[in-house]
Amino acid sequence: MPTVHVSLPDSVYRELKRRAGELGIQVTDLIRIYIKEALEGACGRGSSSEEAFGELARRVDELERRVKAEIVRLRGKQRELEELFQYVLERMEMIEDMIEARARGGAAVVGESEG
């Protein structure tokens, strides 16, 4: 993909950075959107920048909602896995205790029969 280097006044860059931050995108992506919208507008196609950014903001809101829902779901799964892991650890300790008890009991029986 061709690369274009553009020198911008600090104030313009700060404004681009602020708007990109609001939308949750990178400055370069915002610039691409601006260029695309300008080209489409110049050709008589497409919608206004405000409409495009409104749609983009709606998409970002929807993605944020979906991400938050996924985080909640994953936290629930994490709790389930932690509980399962704790259960497995407790069962392993119980089995180890049983094995040790049998080993001690078996050693005592073997010791008694030798004497």
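How many salt bridges does the structure hold? The structure holds nine salt bridges, a salt bridge being a side-chain nitrogen of Lys or Arg within 4 Å of a carboxyl oxygen of Asp or Glu. The structure is a predicted model, in which local features need pLDDT of at least 70 and side-chain atom pairs count only at pLDDT 80 or more, while totals for chains, interfaces and linings use all residues. Residues are numbered from 1 along each chain as its sequence is written, and side-chain values use heavy atoms, with hydrogens and water left out.

The protein contains three helices and zero strands, and its pattern along the sequence is α-α-α. Helices (H or I, at least four residues) and strands (E, at least two) are DSSP runs, numbered from the N terminus. Of the 115 residues, 10% count as buried; buried means under 20% relative accessible area, exposed over 50%, and partly exposed in between (1.4 Å probe, protein chains only). The protein exposes about 10000 Å², of which carbon and sulfur atoms supply 58%; accessible areas come from the Shrake-Rupley method with a 1.4 Å probe, and for residues only the protein chains shown count as cover.

The largest nonpolar core consists of seven residues, namely L16, A20, L23, V27, L30, F53 and L56. The elements giving two or more residues to this core are α1 (10–23), α2 (27–42) and α3 (49–114), and α1 gives the most, with three residues. A nonpolar core is a set of buried Ala, Val, Leu, Ile, Met, Phe, Trp, Tyr and Cys residues joined through side-chain atoms within 4.5 Å. Apart from its neighbours within four places in sequence, L23 is in contact (heavy atoms within 4.5 Å) with L30, F53, L56, A57 and V60.

Several salt bridges can be described individually. E55 forms a salt bridge with R58, the closest N and O atoms being 3.2 Å apart; the two residues are three apart in helix α3 and are thus separated by about one helical turn. E55 also forms a salt bridge with R59, at 3.6 Å between the closest N and O atoms, and these residues lie four apart in α3, about one turn of the helix. E55 is partly exposed, because its relative accessibility is 34%, whereas R59, at 52%, counts as exposed.

The side chains of E70 and R73 meet in a further salt bridge (2.6 Å, N to O), again within α3 and three residues apart. E70 has 35% relative accessibility and is therefore partly exposed, as is R73 at 41%. Finally, a network of salt bridges links E15, R18, R19 and E22.
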